[in-house]
Amino acid sequence: MAKWTPQHEAPEPLEGPVVATITGGTILWFVLFLVQLPFYGWFADHDHTWWVWTCLAGAGLGLIGIWYVRKRDAAIKRATELQSAVE
C-alpha cells in the first residue's frame with residue numbers, strides 16, 4: 001500500500017492580530033468563569049464543577065498565551081528590523 005503524498009505546496013500560515021485574538025479569548029474564558037461562580041452549588045449538585053474549573057484553566061493558560069505571543073511578535077519585529085538594517 002503506497003503512502004499518500006500531497007501534490008501541491010502547503011499554504012502560507014495566516015498571520016493576523018494574534019495578540020488581540022488571544023487576549024479576547026482569555027477575557028472570554030475569565031468572564032465565563034465569573035458567570036458560573038454564582039451557580040457553583042448547582043454545578044456541585046450535578047457533578048459538573050469541572051465546567052467552572054475548565055473556564056479558570058482556560059483563562060490561566062490564556063495569560064501564558066498572551067505572554068508568549070507578545071514575546072513572539074517582539075522577536076519578529078526585531079528580526080525584521082535587523083534584516084532591513086543589514087540590507
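Helix α1 (residues 18–36) packs with helix α3 (residues 49–86) at an angle of about 160°, their axes lying 8 Å apart. The model is predicted, so local features need pLDDT of at least 70 and side-chain atom pairs count only at pLDDT 80 or more, while totals for chains, interfaces and linings use all residues. Residues are numbered from 1 along each chain as its sequence is written, and side-chain values use heavy atoms, with hydrogens and water left out.

**Helix packing**

- α1 and α3 are therefore roughly antiparallel to each other, a term for angles over 145 degrees between N-to-C directions.
- The crossing in which α1 passes α3 is left-handed, meaning that the near helix is turned anticlockwise from the far one by less than a right angle.
- The contact of α1 with α3 is made up of 16 nonpolar, 7 polar and 3 charged residues, where Asp, Glu, Lys and Arg count as charged, Ala, Val, Leu, Ile, Met, Phe, Trp, Tyr, Cys and Pro as nonpolar, and the others, Gly among them, as polar.

**Aromatic rings**

- The structure holds 6 aromatic pairs, counted when ring centres lie within 6.5 Å.
- Phe 30, Phe 33, Tyr 40 and Trp 53 form one aromatic cluster.

**Accessibility**

- Phe 33 counts as buried at 9% relative accessibility, whereas Trp 53, with a relative accessible area of 42%, is partly exposed (buried is under 20%, exposed over 50%, and partly exposed in between, with a 1.4 Å probe and protein chains only).

Definitions and conventions:
Axes fitted to C-alpha atoms, helices over the stretch in contact; angles between N-to-C directions. Helix = DSSP H or I, 4+ residues; strand = E, 2+ residues; numbered from the N terminus. Parallel < 35°, antiparallel > 145°, perpendicular 65-115°, else oblique. Phe/Tyr/Trp six-rings, centres within 6.5 Å; stacked < 30°, edge-to-face > 60°.
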